[in-house]
Amino acid sequence: MADIQRWKVSEPYIHLHCGLGEAPYYEESTQTLRFVDIVKEKLHTVDLRQGPSSHKIIDLDEAISTTAHIEGTEDELIVGAKKGYAYFNRSSGKLEYVKKVWDESDGQGKEERMRCNDGAVDRAGRYWVGTMNDPKVQAPTAEGVLFRLDPDLTLHRMIEQVSIPNGMGWTADDKKMFFTDSPTGNIFVYDFDLGRGTLSNRRVFFQYSDDDGGVPDGFAMDIEGNLWTAICGGGKVLKVSSEGKVVGVIEMPTRMISCPGFAGEDLFVTSAEEEEPEKYPDSVKYGGSLFRVKVGITGMPLHRFRRL
């Protein structure tokens with residue numbers, strides 16, 4: 001235990017009341033951080049040069065859960081929304097669906113009871129987005145799917161029977177892909193073929209089991225191959241080595257920690273409102289806030305969607 005790094009965060013970078021803050025994404029060219037509130041259907045931005053006073057909130061037409069840049073443009077983002085993949089115009093704030101993920105073959109009502117959750121773009125410019133039951137409609141079951149959208153806009157179902165898809169990413173050599181299904185407590189690892197975009201040989205990379213409770217949620221990867229995974233319901237972020245061992249712990253002042261993201265050597269961490277306020281009153285004050293902690297290492301580069 002002596003070799004485990006430890007940090008403690010006592011207050012937010014920005015004190016907010018997000019219903020479900022998610023998907024922190026650092027835009028290096030503008031030194032701007034963005035993140036979403038899935039429940040309240042907001043997009044938040046903050047200029048890190050100016051600090052919290054530059055915080056802005058954009059009202060959305062519907063929930064966005066994950067965002068990515070598109071090669072060749074700064075005007076649009078590609079996002080995971082309620083019904084699938086959409087382009088988001090940053091000037092107008094409007095969404096335009098480019099690929100809805102459900103059709104008649106999925107049965108009646110699936111588009112209504114599902115939504116997108118976490119996502120990431122691989123080095124070949126393909127956008128991987130997981131879907132889950134929309135908690136506004138029903139409790140999560142194992143009917144989620146991890147989708148892959150290719151640059152030519154063809155859609156592929158990569159992993160079926162997912163409950164709550166969360167953190168995903170690739171090793172620096174692109175030979176492995178990590179994928180979190182939160183209720184299982186597992187971060188899985190697959191052999192990854194970059195050229196074909198295929199997965200094989202699933203096994204458990206890291207299994208979270210702790211008396212403090214919670215489940216692994218979103219994660220960010222650093223340049224040394226460590227995964228920094230949020231423990232939602234556990235009030236912490238774990239630094240997990242490339243061997244699947246816990247080598248660092250960030251203690252947070254609220255339980256519902258959702259997703260970390262790097263901006264330089266700072267780790268920004270989103271959170272959600274406390275789900276059990278009467279049981280955990282100390283977690284209520286800062287639930288839904290944005291946090292920052294200097295961790296002394298930078299993140300893996302983020303890739304852009306290669307729209308043809």
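# Close-up views of a predicted model

**View 1. The largest pocket of the structure.** The largest pocket holds about 970 Å³ of space; a pocket is defined on a 1 Å grid over the protein atoms alone as an open set of points with protein on both sides within 12 Å along at least five of seven lines. Grid points are joined across faces, edges and corners, and the volume is the space filled by probe spheres set on the points. The model is predicted, so that local features need pLDDT of at least 70 and side-chain atom pairs count only at pLDDT 80 or more, while totals for chains, interfaces and linings use all residues. Residues are numbered from 1 along each chain as its sequence is written, and side-chain values use heavy atoms, with hydrogens and water left out. The largest pocket is lined by 41 residues, a lining residue being one with an atom within 4 Å of a point. Closest to the centre of this pocket are Tyr25, Met300, Pro301, Leu302 and His303. At least two lining residues come from each of S2, strand S6 (64-70), S10, S14, strand S18 (215-221) and strand S22 (257-263); strands are DSSP runs of E with at least two residues, numbered from the N terminus. By class, 21 lining residues are nonpolar, 13 are polar and seven are charged. Here Ala, Val, Leu, Ile, Met, Phe, Trp, Tyr, Cys and Pro count as nonpolar, Asp, Glu, Lys and Arg as charged, and the others, Gly among them, as polar.

**View 2. The second largest pocket.** This pocket has about 710 Å³ of space. Its lining consists of 30 residues, and Leu20, Arg115, Met132, Pro135 and Glu275 lie nearest its centre. S10 and S18 each give at least two residues to this lining. The classes are 13 nonpolar, five polar and twelve charged residues.

**View 3. A cavity inside the structure.** How many cavities of 30 Å³ or more does a search of the whole structure find? The search finds one, a cavity being a set of grid points where a 1.4 Å probe fits but cannot get out. The largest cavity has a volume of about 30 Å³. Its lining residues are Glu22, Ala23, Ile38, Ser65, Asn117, Asp118 and Asn166. Two of the lining residues are nonpolar, three are polar and two are charged.

**View 4. Strand S8 between its two partners.** Strand S8 (residues 84-89) has five of its six residues buried, so it is largely enclosed by the rest of the structure; buried means under 20% relative accessible area, with a 1.4 Å probe and protein chains only. Strand S7 (residues 73-81) runs antiparallel to S8 and is joined to it by five bridges; two strands pair if DSSP finds at least two bridges between them. Isoleucine 78 stands opposite tyrosine 87 in S8, and a hairpin of two residues connects S7 to S8. Strand S9 (residues 95-100) is also antiparallel to S8, with five bridges, and glycine 84 has lysine 100 in S9 as its bridge partner. The hairpin of S8 and S9 has five residues between the strands, and glycine 93 there takes a positive phi near 75°.

View 5. Five of the six residues of S15 are buried. Aspartate 174, in the loop between strand S14 (165-170) and strand S15 (176-181), has a positive phi of about 60° although it is not a glycine. Aspartate 174 is buried, with a relative accessible area of 8%. S15 also pairs with strand S16 (residues 186-193) in the antiparallel sense, over six bridges, and aspartate 181 has asparagine 186 in S16 as its bridge partner. Four residues separate the strands in the hairpin of S15 and S16, where glycine 185 takes a positive phi near 75°.

**View 6. Histidine 55 and its surroundings.** Histidine 55 is in the loop between strand S4 (42-47) and strand S5 (56-59). Its side chain makes a polar contact of 2.8 Å with the side chain of histidine 44; a polar contact is a pair of N or O atoms within 3.5 Å, and within protein one must be able to donate a hydrogen and the other to accept it, while residues adjacent in sequence count only if both atoms are side-chain atoms.

Note on methods. Buried < 20%, exposed > 50% of the residue type's maximum accessible area, 1.4 Å probe, protein only.
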